[in-house]
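The following paragraphs guide a new reader through the structure shown below. Please keep the sequence and the model in view while reading.

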Amino acid sequence: MALIFHSSIKRDDWWRAEIGKHIPDLEIRFYPEVGNPDDIEFALCFNMPQGELAKFKNLKAIFSLGAGVDHFFEDPTFPLHIPFARVVNDELTSRMSEYVTQHVLNHHRYQIEYDQQQKNRSWEVRHAPAAQNRKVGIMGLGELGQGAAKTLNLLGFDVAGWSRTSKDIDGVSCFHGSDQLDAFLARTEILVCLLPLTPETENILNSELFLKLPEGAAIINPGRGGHLVDEDLIKALDSGHLSGATLDVFHVEPLPEESPLWSHPKIRVTPHVASIAAPGQVAELAAKNIIRARNGDALINQVDLTRGY
Ligand code: NAP
């Protein structure tokens, strides 16, 4: 019995050694060298070509190499009856909190505007309110959203969050469901999207939503490219309704050279780096989950297939 591994980053020997440290008897095959597909018991992968996972009739568990699992569900043949786990851990959460804090501070302290001013040698002072008077709103209060909210709280920001089900989190004004979305948006000056990409959240960052934010609001999207309607963002920035945006994720990655997002003066682009799972921890988690699956135990970080995230 074997594990099939697939990633766009080729480090086969490293993965073999790292997983082998924890489960020396596990045979690891690297896609597309599958061998007999009936030997495959586990899959550790990201962006596996569609239709491939369904070919492994003896799969016992699937492990994502990352936190987001939306691309698995794009595969119409994805085996929904197989236990499926994703990566979330303290380091992934704290790295995302770093990213969100860095860019909330950039917008809060007008760094995007100052970068433009520097190009023009323009000395124009802008007065940022104190953090406690700056309202930050986080869409998605899961592992990463809650972590970012806690870190922003430490800096004194007035933090709210929006989720699907109701929450009670110390220091965070909690909103939930579509009924409370407008109230959440109306009080949000810096909006951070940490939602999973699902049919309900696709294209959620659109013109209609932007108009519900106060004039001058900024957007930070480390969620997924599919959350954002790019043209609507550009319109909202050009009209002056939004003051700036920081984007880490895109519909097509790498972001195509011809994309207008690259050169827009009010947009900051980062290359999907907000929080990357440390490979050593991914290997260790996969090994722990393989042992659990072999013993018939529930997986760590098991994805709820009924919710789709
Ligand atoms: P998570 O733990 O699954 O949390 C998702 C949150 O979104 C939950 O609070 C959930 O509400 C809320 N939500 C889901 N559907 C909703 C809806 N229709 N309306 C309102 N709220 C909804 O996810 P996570 O681990 O925090 O990760 C969030 C996302 O970050 C990932 O899916 C991925 O796309 C992205 N990510 C990006 C990077 C990067 O480097 N850029 C790295 C890792 C992850 P409930 O709490 O009520 O369920």
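Predicted model: local features only at pLDDT ≥ 70, side-chain atom pairs only at ≥ 80, totals over all residues.

How many salt bridges does the rule find across the interface of domain 1 and domain 2? Domain 1 comprises residues 2–89 together with 277–294, while domain 2 covers residues 90–269. The centres of domain 1 and domain 2, taken over C-alpha atoms, are 32 Å apart.

The interface can now be described from both sides. Domain 1 contributes 11 residues that are in contact with 7 residues of domain 2. Between the two domains an area of about 750 Å² is buried, and carbon and sulfur atoms account for 52% of this area.

The opening question can be answered here: the rule finds 1 salt bridge across the interface of domain 1 and domain 2. The residues on the side of domain 1 that touches domain 2 comprise 6 nonpolar, 3 polar and 2 charged ones.

Attention now turns to the ligand. It is surrounded by 31 residues, of which Arg86, Leu141, Thr165, Lys167 and Tyr309 are the closest. In the side chain of Tyr309, an N or O atom is 2.5 Å from an oxygen atom of the ligand. Leu144 places a backbone N or O atom 2.9 Å from an oxygen atom of the ligand, whereas Asp248 has a polar side-chain atom 2.9 Å from a nitrogen atom of the ligand. Taken alone, the ligand exposes 940 Å², and the protein buries 94% of that area.

How values were computed. Residues numbered from 1 in each chain as written. Heavy atoms only, no water. Domains from an automatic or database assignment. Contact = heavy atoms within 4.5 Å. Buried area = accessible area lost by both parts, 1.4 Å probe. Salt bridge = Lys/Arg side-chain N within 4 Å of Asp/Glu carboxyl O. Nonpolar A, V, L, I, M, F, W, Y, C, P; charged D, E, K, R; others polar. Near = heavy atom within 4 Å. Polar contact = N/O pair within 3.5 Å; in protein donor to acceptor, adjacent residues only side chain to side chain. Areas by Shrake-Rupley, 256 points an atom, 1.4 Å probe, with all protein chains shown as cover.
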